[in-house]
Amino acid sequence: MTDRPAEVPEDPIGANRDYWESLAGFHGRGNDSYYDVEALVAGERIMTEHEQSALDRATEGHGVAGLRVAHLQSHIAFDSITMAQDGASVTALDFSPTALERAREIAARAGVSIETVLAEATSLSGEEYASLHGSFDLVYATIGAICWIEDIDAWMRSAAALLRPGGRLVLVDMHPLANCVGSTDPLRLDFPYAGDGPQAWSGTGSYANADAPVGGTTVEYAHSLGEVVTAAIDAGMRVDRLEEHLSVAFDPRGDLLADEGDGRYRLRIGQGRDGGPGVPLPIMFTLLATRSA
């Protein structure tokens, strides 16, 4: 996405919703690098390695079959549909009506059924959603989720409210260090590592297609690993695992990293001790946590 700093709009959530509404109408139409609907409908594995590994760990290798899963910030619900194909009972939650409509359409094509709930992800601990509280074995959110959330404590309370006692949170997301990096050559750090208020951007394009004819003003927020882990604990969850990933099989930012020739993308800055490329820095992280009884 091509973007530049902008003034924070009066309604950040509304601005972000407008942007994601436009993405939901564009993604999965054959013009982006992420959302291959035909492959998903055919039953191909769409999840990234780190997402699949996190689910394997969270289910102790048993898989999601027979489990109730809440997918927060599901967008057009590719992972929801994949988990439904694997036998889970999945509820996709998102604040974009267009995204949820697309999710239902794609799920029907894939021959599975998913529930959808229109909701903003920090509001789910409220009474309006009491019917969902304590209903899920897993709460799942991945890659580009919490950067859109101002109140990470409220987000974690929402996740904990949805989980049954003993249920597990599966969060795979961009590492806050990687989020700081605007470019590697020249090195440009244009985003804070930790909570520093709203960061507004204006521009066009999508992480799945930099030339996508969508855009607007968006607002993002930084959360350090310490803030994320502490928020999970304060919400009544036990942190079971925190893993930082130094390489990935794709560029989650779309235009920051390059394939190093082995099918892996790594974030390197400057030179190493021998004058070669710098050592890899973390790109993504996995957090697994369990709701206390």
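What is the volume of the largest cavity? It is about 100 Å³. The structure described here is a predicted model, in which local features need pLDDT of at least 70, side-chain atom pairs count only at pLDDT 80 or more, and totals for chains, interfaces and linings use all residues. Residues are numbered from 1 along each chain as its sequence is written, and side-chain values use heavy atoms, with hydrogens and water left out.

The sheet comes first. An open sheet of 7 strands has the order S4-S3-S2-S5-S6-S14-S11, and its pairing is mixed. Strand S4 (115-118) and strand S11 (237-245) stand at the edges, each with a single partner strand, so one side of each has no neighbour in the sheet. On average, neighbouring strands are turned by 15° against each other, direction ignored. Helices (H or I, at least four residues) and strands (E, at least two) are DSSP runs, numbered from the N terminus. Two strands pair if DSSP finds at least two bridges between them. Strands of a sheet pair through backbone hydrogen bonds, either parallel or antiparallel.

Several pairs run parallel. Strand S2 (residues 68-72) and strand S3 (residues 89-94) are joined by 5 bridges and run parallel. Here Arg68 stands opposite Ser89 in S3. S2 is also joined to S5, by 3 bridges, in parallel; His71 faces Tyr140 of S5 as its opposite residue. S5 and S6 pair in the parallel sense over 6 bridges, with Leu138 opposite Arg168 in S6.

Other pairs are antiparallel. S6 and S14 share 7 bridges in the antiparallel sense, and Asp173 stands opposite Phe285 in S14. S11 and S14 run antiparallel and are joined by 8 bridges. In that pair, Glu243 stands opposite Thr286 in S14.

In S5, 7 of the 7 residues are buried, so the strand is largely enclosed by the rest of the structure. In S14, 7 of the 8 residues are buried, so S14 too is largely enclosed by the rest of the structure.

Thr286 is found in strand S14. This residue is buried, with a relative accessible area of 3%. Contact means heavy atoms within 4.5 Å. Leaving aside neighbours within four places in sequence, Thr286 is in contact with residues including His50, Ala54, Leu171 and Glu243. The C-alpha atoms of Thr286 and Glu51 are separated by 8.3 Å, although the two residues are 235 apart along the chain.

Helix H8 (residues 225-234) lies across S6, S11 and S14, and runs at about 160° to S11. Axes are lines fitted to C-alpha atoms, for helices over the stretch in contact, and angles run from 0 to 180 degrees between N-to-C directions.

On a 1 Å grid over the protein atoms alone, a cavity is a set of points where a 1.4 Å probe fits but cannot get out; a pocket is an open set with protein on both sides within 12 Å along at least five of seven lines; lining residues have an atom within 4 Å of a point. Grid points are joined across faces, edges and corners, and a volume is the space filled by probe spheres set on the points. The structure holds 1 cavity of 30 Å³ or more. Of the 13 residues that line the largest cavity, the closest to its centre are Ile146, Cys147, Met174, Asn179 and His223. S6 and helix H7 (176-180) are the elements that give two or more residues to this lining. By class, the lining of the largest cavity has 9 nonpolar residues, 3 polar and 1 charged. Ala, Val, Leu, Ile, Met, Phe, Trp, Tyr, Cys and Pro count as nonpolar, Asp, Glu, Lys and Arg as charged, and the others, Gly among them, as polar.

The second largest pocket holds about 190 Å³ of space. Thr184, Leu256, Glu260, Arg266 and Arg268 are the closest to its centre among its 13 lining residues. That lining has 5 nonpolar, 3 polar and 5 charged residues.

Some backbone details stand out. A cis peptide bond, with omega about 5°, joins Asp185 and Pro186. Gln73 has a positive phi of about 50° although it is not a glycine. Gln73 counts as partly exposed, at 23% relative accessibility.

Key: Buried < 20%, exposed > 50% of the residue type's maximum accessible area, 1.4 Å probe, protein only.
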